[in-house]
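Here are some notes for a colleague who is meeting this structure for the first time. Please read them with the sequence and the model side by side.

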Amino acid sequence: MLEGIYLALDKLFGPLVMNAHPMWVVTISGAILGGFFTLVNHFLIDQEKMKRLQKMSKEFQKEWKEAQKAKDEKKLRKLQQKQMELLKLQNEVMKDSMFKPMLFTMPIFFIFFGWMRRWYVETAIVKSPFNFFLFDLFHGFYHSSLQANELGYIGWYILTSMAVGQVLRKLLDSV
């Protein structure tokens, strides 16, 4: 089944992969998928609920610090009950924010990386003029034989998709 999907992706994107530099292919892919995954998260997660939880957590932390500073044992016991309710709500929000988007994005993610592996396994996508510790970190994830100054498709994809995702999240929060 995956082979059929990979062949369809080859037909669709093969000319781009064959004619463009690998850095541009992975950069464009990272930007598109990073933006797509960020939008999926934004629309599937209840943003108001997340903001309300963050506000409640900040208020709780403030109250807790004040009660500790005042050494108010009665207030601390009352806040422990409030903390249990807050943890229950945090677990519910965490489940919603992780499970729903992951069901949708993980298959796309695994199909994409399986397909990209066929083209760029052990290919240096980006080279640095010096050994960069971050590149070594990425090499450790997938036991790469690339040099310490080279970054493969997984590392470059992660960097580009994270950058696009951060910018898009900031834009979506300001709207």
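Helices, as the word is used in these notes, are DSSP runs of H or I with at least four residues, and they are numbered from the N terminus. The model is a predicted one.

1. Helix α4 covers residues 73–120, and although it has 48 residues, its end C-alpha atoms are only 61 Å apart, short of the 70 Å that a straight helix would reach at 1.5 Å a residue. The helix has a kink of about 45°, which is centred on Met 102. After α4 comes Glu 122, a residue with a positive phi, near 55°.

2. The unreviewed UniProt entry carries the annotation "transmembrane region" for residues 23–45, 98–116 and 154–172. In the model, residues 23–45 are 96% helix and 0% strand, with 32 Å between the end C-alpha atoms, while residues 154–172 are 100% helix and 0% strand, with the end C-alpha atoms 26 Å apart.

3. Gly 165 belongs to helix α6, which runs over residues 153–174. Because its relative accessibility is 1%, Gly 165 counts as buried. Although Gly 165 and Gly 34 are 131 residues apart in sequence, their C-alpha atoms are 5.4 Å apart in space.

4. On the surface, Leu 12, Phe 13 and Leu 16 form a nonpolar patch, and together these residues have about 280 Å² of accessible area. Leu 16 is part of helix α1, which covers residues 2–19, and Leu 16 counts as partly exposed because its relative accessibility is 38%.

Definitions and conventions: Residues numbered from 1 in each chain as written. Predicted model: local features only at pLDDT ≥ 70, side-chain atom pairs only at ≥ 80, totals over all residues. Heavy atoms only, no water. Patch = residues over 30% accessible without salt bridge, like charges linked within 9 Å, V, L, I, M, F, W, Y side chains within 5 Å. Areas by Shrake-Rupley, 256 points an atom, 1.4 Å probe, with all protein chains shown as cover. Salt bridge = Lys/Arg side-chain N within 4 Å of Asp/Glu carboxyl O. Helix = DSSP H or I, 4+ residues; strand = E, 2+ residues; numbered from the N terminus. Buried < 20%, exposed > 50% of the residue type's maximum accessible area, 1.4 Å probe, protein only. UniProt positions renumbered as here; feature names shortened; annotations may be inferred. Expected span 1.5 Å × (residues − 1). Bend = angle between axes of the 7 residues up to and from the residue.
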